[in-house]
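Please read the points with the sequence and the model side by side.

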Amino acid sequence: MDFLIATHNMGKRDELQRILKPMGIRVLVAEEAGVTLRDAEETGTTFEENAMIKAVSAAEDSGMPCIADDSGLVVDALDGRPGIYTARYGGEEMPYPEKIKKLVEEMQNVPDEKRTARFVSCIACVFPDGRKLTVRGECEGKIGFEPYGKGGFGFDPIFYCGEESFASLSPEAKDAISHRGNALRRLAAVLPAYMKE
């Protein structure tokens, strides 16, 4: 069964595909599905609301079952920032190496024990007939003092779980602990019931 993912981020697409493939689901981006999606305006105040806005819009545009993820980095020392504005931290056009540098500078006087943070992922799934569901996953960690690792994407090089950054983990090791991996396992647990309806 084909599902459309409402993103142009191939890293997210690949993560979804790895976890949903055993269920017989093929995850496609709009270009692969031959559809054009509107840019849904993320006007929600929570990760859940923004994920649902994107999934509903994509399902309406494509007529396909759609999955949308809204995820971000929640840093305790920054009162939860950047949160739902993670992609816009430092400006949407700022490349991630510069966003990471900005975050490191903003956190430079924060001691190790107060650098706690978590990645949050909320995934919404919308079927063309209007059925909807959302799941949430989190991964606790810390903001490192410097980026490390060549893998992953986004803020992965600066987010540490223990001694390793997300960017230093293999895709499989990251999937096993990541916010999106946790959310997708919850999705995989409830999705079969929806697919049978």
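**Notes on the predicted model**

1. Start in the loop between strand 3 and helix 4, where Pro 82 lies. The model is predicted, and in it the peptide bond that joins Arg 81 and Pro 82 is cis, with omega at about -5°. Asp 79 is found in the loop between strand 3 and helix 4 as well. Its phi is near 55°, a positive value in a residue other than glycine. Most residues other than glycine have a negative phi, and most peptide bonds are trans. Asp 79 is exposed, because its relative accessible area is 75% and the cut-off for that class is over 50%.

2. Seven strands make it up, in the order 2-1-3-4-5-6-7. The sheet is open, and its pairing is mixed. Strand 2 (26-28) and strand 7 (164-165) are at the edges; each has a single partner strand, so one side of each lacks a neighbour in the sheet. As background, strands of a sheet pair through backbone hydrogen bonds, either parallel or antiparallel.

3. Which way do strand 1 and strand 3 run, parallel or antiparallel? They run parallel, and two bridges join them. Leu 4 stands opposite Cys 66 in strand 3. Strand 3 and strand 4 pair in the antiparallel sense instead, over 10 bridges. Within that pairing, Leu 73 has Phe 119 in strand 4 as its bridge partner.

4. Strand 3 deserves a separate look. Of its 10 residues, 10 are buried, so the strand is largely enclosed by the rest of the structure. Both faces are covered. Cys 66, Ala 68, Asp 70, Gly 72 and Val 74 are buried on one side.

5. Strand 4 (residues 116-126) and strand 5 (residues 132-143) run antiparallel and are joined by 11 bridges. Cys 125 stands opposite Leu 133 in strand 5, and the bridge partner of Val 126 is Lys 132. The hairpin of these two strands has five residues between them, and there Gly 130 takes a positive phi near 100°. Strand 5 also pairs with strand 6 (residues 159-161), in the antiparallel sense and over two bridges. In that pairing, Lys 142 has Tyr 160 in strand 6 as its bridge partner.

6. What lies across the sheet strands? Helix 3 (residues 47-62) lies across strand 1 (2-5), strand 3 (66-75), strand 4 and strand 5. Relative to strand 3, helix 3 runs at about 155°.

7. Leaving out residues up to four places away in sequence, His 179 touches Ser 71, Phe 119, Val 120, Ser 121, Gly 137, Glu 138, Cys 139 and Phe 166. Val 190 is partly exposed, with a relative accessible area of 34%. Under the same exclusion of sequence neighbours, Val 190 touches Leu 133 and Val 135. The C-alpha atoms of Val 190 and Thr 134 are separated by 9.9 Å, and these residues are 56 apart along the chain.

8. Last, the open space. Rolling a probe the size of a water molecule over the atoms shows where empty space is left. The largest pocket holds about 1,000 Å³ of space. It is lined by 36 residues, and the closest to its centre are Thr 7, Lys 12, Glu 42, Lys 54 and Ala 87. Helix 3, strand 3, helix 4 (96-106) and helix 6 (179-196) each supply at least two residues of the lining. By class, the lining of this pocket has 15 charged, 12 nonpolar and nine polar residues.

Technical notes. Residues numbered from 1 in each chain as written. Predicted model: local features only at pLDDT ≥ 70, side-chain atom pairs only at ≥ 80, totals over all residues. Heavy atoms only, no water. Pairing = 2+ DSSP bridges. Helix = DSSP H or I, 4+ residues; strand = E, 2+ residues; numbered from the N terminus. Contact = heavy atoms within 4.5 Å. Axes fitted to C-alpha atoms, helices over the stretch in contact; angles between N-to-C directions. 1 Å grid on protein atoms, 1.4 Å probe; cavity = no way out; pocket = protein on both sides within 12 Å on 5 of 7 lines; lining within 4 Å. Points joined across faces, edges and corners; volume = space filled by probe spheres on them. Nonpolar A, V, L, I, M, F, W, Y, C, P; charged D, E, K, R; others polar. Buried < 20%, exposed > 50% of the residue type's maximum accessible area, 1.4 Å probe, protein only.
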